[in-house]
Amino acid sequence: MSNEKTTTGFYTGTETEPFRRLRRLRMTDAFRAMVRETELTTKDLIYPLFVVPGSKVRREVTSMPGVYQLSIDEVVRECAEVKSFGIPAIILFGIPSHKDEVGSEAYDEEGIVQLAIRAIKRDVPEMVVITDVCLCEYTSHGHCGIVRGNEIVNDESIELLAKEALTHAQAGADMVAPSDMFDGRVKAIRMVLDENSFHNIPIMSYAAKYSSGFYGPFRDAAESAPKFGDRRSHQMDPANSDEALREVEQDILEGADIVMVKPALPYLDIVRRVKDRFQMPTAAYNVSGEYSMVKAAGRNGWIDEGRVMMEVLTSIKRAGADLILTYFAKDAAKALR
Ligand SMILES: [Zn+2]
């Protein structure tokens with residue numbers, strides 16, 4: 001043994017201490033807290049909400065225990081509670097009363113999301129309201145855009161998405177979040193917002209969104225499963241990583257203010273690469289399947305749900321996410337108090 005350092009600069013020990021005692025700083029709660037590198041806070045969390053027509057509706061999603069479809073009055077109550085936990089923001093998904101080929105209710109000024117935004121802003125004005133911008137909840141075929149033959153067409157669809165984003169901003173949304181993964185949609189939305197004096201409304205783009213099996217339970221909640229085909233012509237192949245950087249770069253060039261990776265857990269390497277490369281405010285979506293797996297295993301007594309939840313959320317932040325969209329937001333906020 002010697003006290004020489006290796007060529008890579010690592011400590012190799014001495015005569016009296018043949019190795020580094022890394023456990024020293026793990027011996028007490030105080031030491032562990034002093035050297036903790038990642039701190040999850042409620043300010044990091046964004047809580048997704050599903051709004052449905054009607055009043056006094058509070059319908060639990062079978063595959064997502066603790067998650068509800070809520071009518072507007074209930075969404076407003078929920079926002080007040082979410083606010084009381086110190087969670088700064090929600091993201092809204094709408095389930096319309098009427099679906100059609102072109103997803104008309106998505107860009108209707110009196111659509112479900114537009115009405116919900118106004119109600120929240122009236123009663124809980126300090127809540128940051130982010131809106132999901134997509135057509136899949138609103139189209140009869142369940143696709144994210146207009147379908148012609150076998151193709152989900154790009155350019156016509158992004159016009160409608162821009163229209164949708166504008167109606168959200170007009171209703172009072174603080175931020176819009178396009179989730180479709182069509183090419184050019186961030187630019188189209190940015191241009192329409194700017195032309196209508198909404199130059200201060202930021203865009204959080206679902207920049208690297210993968211075609212994932214982890215979205216299953218969400219489609220029950222949002223009633224947005226495609227009636228035929230799938231989303232592989234626009235969402236990314238799970239096997240790709242370099243492509244994610246191209247997608248993110250493109251959205252930044254088009255005007256995205258926050259870039260998102262979705263899902264989170266199976267793509268932590270992507271979160272890290274995106275954060276390292278672009279140093280942008282980066283969000284990660286801890287999606288429904290990730291939530292439901294933890295819930296189900298917890299309910300079976302196979303894991304300690306609360307502990308695993310905190311470990312999952314901390315790992316997403318450690319990977320580089322500044323913001324985490326998660327159905328665990330309220331549970332985590334309670335645990336952090
Ligand atoms: Zn969609």
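Tutor: Arg32 forms a salt bridge with Asp29, and their closest N and O atoms are 2.6 Å apart. Keep in mind that this is a predicted model. Side chains of opposite charge can pair when their charged atoms come close. Both Arg32 and Asp29 belong to helix α1, where they sit 3 residues apart, or about one turn of the helix. How open to the outside are they? Arg32 is partly exposed, with a relative accessible area of 33%, while Asp29 is exposed at 58%.

Stay with helix α1 for a moment. It runs over residues 29-34 and also holds Phe31, which is partly exposed with a relative accessible area of 35%.

Now step back to the segment before α1, where you'll find Glu17. Is Glu17 buried or exposed? Its relative accessible area is 14%, and buried means under 20%, so Glu17 counts as buried. Its side chain makes a polar contact of 2.3 Å with the side chain of Arg24. Leaving aside residues up to four places away in sequence, Glu17 touches Tyr11 and Arg24.

Back to salt bridges, then. The count for this model comes to 21, and some of them join up. Arg58, Glu74, Arg77, Glu78, Glu81 and Lys330 are linked in a network of salt bridges. Let's pick out Glu78 and look at two of its partners.

One partner is Arg58, with the closest N and O atoms of the salt bridge 3.2 Å apart. Arg58 lies in strand β2 (residues 58-60) and Glu78 in helix α2 (residues 72-84), so this pair ties together parts that are 20 residues apart in sequence. Arg58 is partly exposed, at 38% relative accessibility, whereas Glu78 is buried, with a relative accessible area of 4%.

The other partner to look at is Lys330, whose salt bridge with Glu78 has its closest N and O atoms 2.5 Å apart. Here the pair links distant parts of the chain: Lys330 is in helix α11 (residues 329-336) and Glu78 is in helix α2, 252 residues away. Both Lys330 and Glu78 are buried.

The zinc ion is coordinated by the SG atoms of Cys134, Cys136 and Cys144, at 2.3 to 2.4 Å. Along the chain, these donors follow the spacing C-x1-C-x7-C. Cys134 and Cys144 both lie in the loop between β5 (128-133) and β6 (147-148), so the pair ties together parts that are 10 residues apart in sequence. Both of these cysteines are buried.

What covers them? Just after α5, look for Ser197, which takes a positive phi of about 65°.

Terms used
Residues numbered from 1 in each chain as written. Predicted model: local features only at pLDDT ≥ 70, side-chain atom pairs only at ≥ 80, totals over all residues. Heavy atoms only, no water. Donors = N, O, S within 2.8 Å, 3.2 Å for Na, K, Ca; no water. Helix = DSSP H or I, 4+ residues; strand = E, 2+ residues; numbered from the N terminus. Buried < 20%, exposed > 50% of the residue type's maximum accessible area, 1.4 Å probe, protein only. Polar contact = N/O pair within 3.5 Å; in protein donor to acceptor, adjacent residues only side chain to side chain. Contact = heavy atoms within 4.5 Å. Salt bridge = Lys/Arg side-chain N within 4 Å of Asp/Glu carboxyl O.
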